[in-house]
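Dear colleague,

I am writing to hand over a structure for your attention. Please find it below, followed by an account of what was found in it.

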Amino acid sequence: MALPVALGLPGRRVVAVGGGPVSARRVMAFVEEGAIVTVIAPWICEDLTDLVTTGEIAWLERDYVGVSDLDGARLVHTATGEAAADDRVRCVVLTGAGR
């Protein structure tokens, strides 16, 4: 069963781990909803580069390092393209360690 969920993001911190096109699509939606977005990735695609250049998002040019990267985040999205990296983020979120 799937349930639709509404989450108020205006003015709230969102962390996106991963810098490719999948992440970019989600990040653009978060920005449109008024979120304060930080992308964590060693590289980012052109769409994300444009958002960084215009100051619409922040970019930490490095790999995800751990729970401290998620401090204060209302929402965390991971799309690194690497299952092990996505699982490391998912485990932190599921255990509530980032709260």
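The notes that follow describe the sheet, the helices, the nonpolar cores and a few individual residues.

Please note that this is a predicted model, in which local features need pLDDT of at least 70 and side-chain atom pairs count only at pLDDT 80 or more, while totals for chains, interfaces and linings use all residues. Residues are numbered from 1 along each chain as its sequence is written, and side-chain values use heavy atoms, with hydrogens and water left out.

The sheet

Helices (H or I, at least four residues) and strands (E, at least two) are DSSP runs, numbered from the N terminus. Two strands are said to pair if DSSP finds at least two bridges between them. On that basis, the model has an open sheet of 4 strands in the order S3-S2-S1-S4, with parallel pairing. S3 and strand S4 (75-78) stand at the edges with a single partner strand each, so one side of each has no neighbour in the sheet. On average, and with direction ignored, neighbouring strands of this sheet are turned by 20° against each other.

Strand S1 (residues 13-17) pairs with S2 in the parallel sense over 5 bridges, and Val14 stands opposite Val37 in S2. S2 is also joined to strand S3 (residues 57-60), in parallel, by 4 bridges; here Ile40 stands opposite Leu60 in S3.

A crossover is right-handed if, with the strands pointing away from the viewer, the path from the first strand over the helix to the second runs clockwise. S1, helix H1 (residues 21-32) and S2 form a right-handed β-α-β unit. From S2 the chain then crosses through helix H2 (residues 46-53) to S3, and this β-α-β crossover is right-handed.

How much of S2 is covered? Strand S2 (residues 36-40) has 4 of its 5 residues buried, where buried means under 20% relative accessible area, exposed over 50%, and partly exposed in between (1.4 Å probe, protein chains only). Thr38 lies in this strand and counts as buried because its relative accessibility is 11%. Residues up to four places away in sequence aside, Thr38 touches Arg13, Val14, Val15, Ala16, Ala58 and Leu60, contact being heavy atoms within 4.5 Å.

Ala58 is found in strand S3 and, at 35% relative accessibility, counts as partly exposed. Apart from neighbours within four places in sequence, Ala58 is in contact with Val37, Thr38 and Val39. Val76, in strand S4, likewise has its own value: at 25% relative accessibility, Val76 counts as partly exposed.

The helices

Two packed helices are described by the angle between their axes and the distance between the axes. Axes are lines fitted to C-alpha atoms, for helices over the stretch in contact, and angles run from 0 to 180 degrees between N-to-C directions. H1 and H2 pack at an angle of about 35°, and their axes are 8 Å apart. In this contact, Ala24, Val27 and Met28 in H1 meet Asp47, Leu48 and Leu51 in H2. The residues involved divide into 5 nonpolar, no polar and 1 charged; Ala, Val, Leu, Ile, Met, Phe, Trp, Tyr, Cys and Pro count as nonpolar, Asp, Glu, Lys and Arg as charged, and the others, Gly among them, as polar.

Glu46 is found in helix H2 and, at 62% relative accessibility, counts as exposed. Glu46 and Gly20 are 26 residues apart in sequence, and their C-alpha atoms are 8.7 Å apart in space.

The nonpolar cores

A nonpolar core is a set of buried Ala, Val, Leu, Ile, Met, Phe, Trp, Tyr and Cys residues joined through side-chain atoms within 4.5 Å. Which members of the largest core touch the most other members? Among its 16 residues, these are Val27, Val37, Val39, Leu48 and Ile57. S1, H1, S2 and H2 each supply at least two residues of this core, and the largest share, 4 residues, comes from H1.

Leu48, leaving aside neighbours within four places in sequence, is in contact with Gly18, Gly19, Gly20, Ala24, Val27, Val39 and Ile57. A second, separate core of 7 residues includes Val17, Ile40, Tyr64 and Val89.
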